[in-house]
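Please open the model in your viewer and follow the stops below, beginning with the whole chain and ending at a single side chain.

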Amino acid sequence: MSATDKFNLFSFSGKMKILHMSWMAFFLTFYVWFNHAPLGGVISESLGLTVAQFKTLLILNVALTIPARVIIGMLTDKYGPRIVYSSILFLGSIPCFMFALAQDFEQAAIARFLLGFVGAGFVVGIRMVSEWFPAKQLGTAEGVYGGWGNFGSAAGAMSLPAIALIFGGEDGWRYAIGMTGLLSLVFSFIWYANVRDTPKGSTYFKPKNNSAMEVTSKGDFFLLLIMKIPMYAALALLTWKLSPNGVSMLSEVAANGIYVGLAALYIFDSSKVWKVNKHVFSEEVPEIHRYQFKQVAVLNILYFATFGSELAVVSMLPLFFAETFELSMVQAGLVASAYAFMNLMSRPGGGLISDKFGRKKTLLILTAGLAVGYAVMSLIDSSWPLVVAIIAAMACSFFVQAGEGAVFAAVPLIKRRLTGQIAGMTGAYGNVGAVFYLTILSMVEYQTFFMVIAATAVLGFVTLFFMKEPKGEIAEVDENGEVQMISVH
């Protein structure tokens, strides 16, 4: 194996430089996206927020990310990761500064809602990394990108309260939040100056049409329309939580207006899908250019169960440990952080195992482990020794995060020119899962909540039997109209 083929994490040149730059960009987007969580108490006190209002900020923080990941995926495929990631980092600093300067709930709510699009940055790096690494290293590279970048939220939880204290005074939290925005702004220029979309001599393949995802059969056309419904349903669910039925941030009239708007948007979206893909009803797509959308659908469901459950569990685990074992919130926060800490190794581990033993086999094992892990967590009560409960949570989180790594080890191998769009849709399903699980959590006991996640993991396990192991080569057409073959194993 030549020096250029080696996967050396301590190198900062060539493809490894791109990997390090990518996870740093992702790290910063998550650092900014979750910068309010560890400062919730002081922010609520400073702005005079009720508990319901702060919970509303948490909901608003994830709302925009669902459509944003789909849109950012399309923009990445069209314009390339270099421009799109630098734009997200640059523009994301603006609502971050708005939140730091907010004087009341309404100003904070608008800023938090706009900050949701920062969470879409993840999608850009998936395409970037797939351009630079061969298929045999792609799972490991995407796992490092995802795991180390995802750690930005945990790093924020550990560092931002201390930074707020260093600045001191009642405005310490504002300086801490503002500093995250400044870091994002500065890194947008560093990113743009230090990366290229592809290695020298490589072609950046773009979709034939960027207004909707391409499919290559009639069955896939209808499956794509079905798979879009949960994304709109999640936004409707968020609206319901903000309506008089929930926290009453929206009036009944406004909520109904949003429901009608979402229905209209789905119809418009479907018309775009028809416009791009109507040819599949009149002519057969040549075998060499086909791909199976059901591969994407299965990965969507798996990311719903993995990343969706992670987002939900991270937000409730400190309270769960505090109530179950009568811990202080500081102790419970430290105990629960063990779950997030696993990201540094678990997600790269999932990608590495996927590279070594195959995408489908790895996903089957990890999804089974995920189901068992959450079933065990549903049994935790105050009679358990605390250390055993912590080990159970960490073991479960290994399967969750390794599963995320294995999902995105497969995403870039389906259709290269659609990688951004596929990653965007699969990534959005993670947020759809979070909205679903957090809604369930607001209605049931902790034990039932964990069992619901285990049940959806079982559903994901069953759907995996419909997925095919990526193998052989995929065909793409370059700008000169010539067909290039890309190895996927």
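Accessible areas here come from the Shrake-Rupley method with a 1.4 Å probe. With that in mind, display the surface of this predicted model: the accessible surface of the chain comes to about 20000 Å², and carbon and sulfur atoms hold 68% of that area.

Next, switch to a cartoon view, in which the chain shows 19 helices and two strands. Its radius of gyration is 22 Å, close to the 23 Å that the globule rule gives for 489 residues, so the chain is as compact as a globular protein of that length. If you draw a box along the principal axes, the C-alpha atoms fill roughly 60 × 55 × 45 Å.

Colour by burial, and 57% of the 489 residues count as buried. Among contacts with a separation of 6 or more, 80% are made by residues 24 or more positions apart. Then select the charged side chains, of which 33 are positive and 30 negative, with the centres of the two sets 9 Å apart.

For the last stop, select helix 3, residues 51-63, and within that helix pick out Asn-61. Is Asn-61 buried or exposed? Because buried means under 20% relative accessible area, Asn-61, at 1% relative accessibility, counts as buried. Now show the residues around Asn-61: leaving aside those up to four places away in sequence, Asn-61 touches Trp-33, Phe-34, His-36, Arg-112, Leu-115 and Gly-116.

Notes: Residues are numbered from 1 along each chain as its sequence is written. This is a predicted model: local features need pLDDT of at least 70, side-chain atom pairs count only at pLDDT 80 or more; totals for chains, interfaces and linings use all residues. Side-chain values use heavy atoms; hydrogens and water are left out. Helices (H or I, at least four residues) and strands (E, at least two) are DSSP runs, numbered from the N terminus. Buried means under 20% relative accessible area, exposed over 50%, partly exposed in between (1.4 Å probe, protein chains only). Contact means heavy atoms within 4.5 Å. The radius of gyration is taken over C-alpha atoms; the globule rule is 2.2 Å times the number of residues to the power 0.38. Lys and Arg count as positive and Asp and Glu as negative; His and the chain ends are not counted. The place of a charge is taken as NZ of Lys, CZ of Arg, CG of Asp or CD of Glu.
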